[in-house]
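Reader: I would like a close look at one helix and the charged contacts around it. Please take me through that part, and then through other charged pairs for context.

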Amino acid sequence: MPKQQNILIIGAGLCGSLLALRLGQRGYNVSVYEMRPDLRKVDISAGRSINLAFSVRGNKAMKLVGLEDQVKALCIPMHGRMIHDAHGNTFQSNYSGRTHEFINSISRGELNALLLDEAEKHENVNIHFNKKCKSIDFENTTALFKDYNTKDEFLEDADVIIATDGAGSALRKSYYLGKKFLFSFSQAYLTHGYKELSILPKDNGDFKIYKNALHIWPRGSFMLIALPNLDGSFTVTLFLSYDEGAYNFNNLTNDERVLEFFSKEFPDALAVMPNLLDDFFTNPTAPLGTIKCSPWHYKGNTLLMGDAAHAIVPFYGQGMNASFEDVVEFDAVLDENLSSWEATFKTYEKRRKKDTDAIADLAIDNFHEMKGHVNQAIFQEKRKLEMALEKQFPEDYASKYALVTFNEDIGYREAMLRGRAQDKAILNLLADKKIDINGDLKTILEQVKQETEAILEDDRIAGLNQ
């Protein structure tokens, strides 16, 4: 496939700007069209996740494009979850027993701006803003755009169109509505939505609560979380049902009710959020959904990537990391110099889809874990034991969370299968009182390994991990 080929990328978000940078580095002619204004010139963050969790799978992509140091400067390390109970008491549950393993809070806008700046340094990369994609003719490899400034519509063609235009992808919609081939599509919403709030910094710019943790207020059927920003603020997100429970988004309609809800459920958060009511009634309530589809490509003409192919809920902190990993995996397939774009797209999807399906399922699992399980005694025992095993045997044990978040060379699917089996093994051993978390750790490790292998073998026989 000659390098002078023209690639059209729809969407200049995190995945699209990274892909443009990498393909630019590889020498392709790249045109990127983005419907929003240039985020480097206007503030367009309202209501979207202002900061995100960045971990090793995402960093693997930054290494690939040579930006590891610049991105590190934008990160705030979070070593664990700081759990807040209903009385305002806190305890920290670390993400790993290995001190070098932690996740980072990073600004979506700052990271996106960096990727756009770097992509534009390449003469063969051109990025256009305020251009909305209305439809795509995936058979003729053309895209119809509307210019928001001039109101004109225009057609662009290319050798290849790659859509990184998020959960509402125009290309995926064209696949679905076109009915030209067998296209499978599912969209599943949680009964919960989310709303962005904030904890502002102190007058001197310091953080009002502990800086280096992901704060969680788990309340069974709902929760509040907070991630730190470089300016001393925290981005706070309320995850709550639309219509179930005593308090829900549909009935939190006035100041008194919102304050009553927060004073009852999150008193220590309310104490540092004098701006709560402004945020609550200014920022939108947004839905949480999972999208799966196949195939991701049509012949050698078009390809879906990132959230356009596999949008997930945010509870494993892997949405951005998974999209960045898409670019790494796609780049590896390009290295193989296959005979055609069709062969490249087919190989990429075959390798990647099982892992993106797995992280989608894991994210739903973690939703239930974060809002409720972290408060359960047996879960806390399990986490305590896993921290001890990771600390004592750093080469021999990794929890499910560590397999997913800190092991870039293990696919999400393998991490899910092994991690779920380990979880089941430890919970079974604790429930049956076959292990004591204060016992000999080497013996416990052997018991956990044996039980895990037995569960994996049962799953293999049952065909659950094919």
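Author: Helix α11 bends by about 40° at Arg-352, the bend being the angle between axes fitted to the seven residues ending at a residue and the seven starting there. This is a predicted model, in which local features need pLDDT of at least 70 and side-chain atom pairs count only at pLDDT 80 or more, while totals for chains, interfaces and linings use all residues. Residues are numbered from 1 along each chain as its sequence is written, and side-chain values use heavy atoms, with hydrogens and water left out.

Helix α11 covers residues 341-371, 31 residues in total. Helices here are DSSP runs (H or I, at least four residues), strands likewise (E, at least two), and both are numbered from the N terminus. From first C-alpha to last, α11 reaches 44 Å, close to the 45 Å expected at 1.5 Å a residue; the expected span is 1.5 Å times one less than the number of residues.

Arg-352, the residue at the bend, also forms a salt bridge with Glu-325 through their side chains, at 2.9 Å from N to O. That pair links distant parts of the chain, since Glu-325 sits in helix α10 (residues 319-335), 27 residues apart from Arg-352 in α11. A salt bridge here is a side-chain nitrogen of Lys or Arg within 4 Å of a carboxyl oxygen of Asp or Glu. Both Arg-352 and Glu-325 are buried, where buried means under 20% relative accessible area, exposed over 50%, and partly exposed in between (1.4 Å probe, protein chains only). The two also belong to a network of salt bridges with Arg-57, Lys-60 and Asp-326.

Elsewhere, a search of the whole structure finds 29 salt bridges. One of the pairs joins the side chains of Arg-98 and Glu-101 at 2.9 Å, N to O. Arg-98 counts as buried because its relative accessibility is 8%, and Glu-101 counts as buried because its value is 10%.

Another salt bridge brings together the side chains of Lys-134 and Glu-153, at 2.7 Å from N to O. Lys-134 lies in strand β9 (residues 131-137) and Glu-153 in strand β11 (residues 153-157), so this pair ties together parts that are 19 residues apart in sequence. Lys-134 is partly exposed, with a relative accessible area of 45%; Glu-153 is also partly exposed, at 44%.
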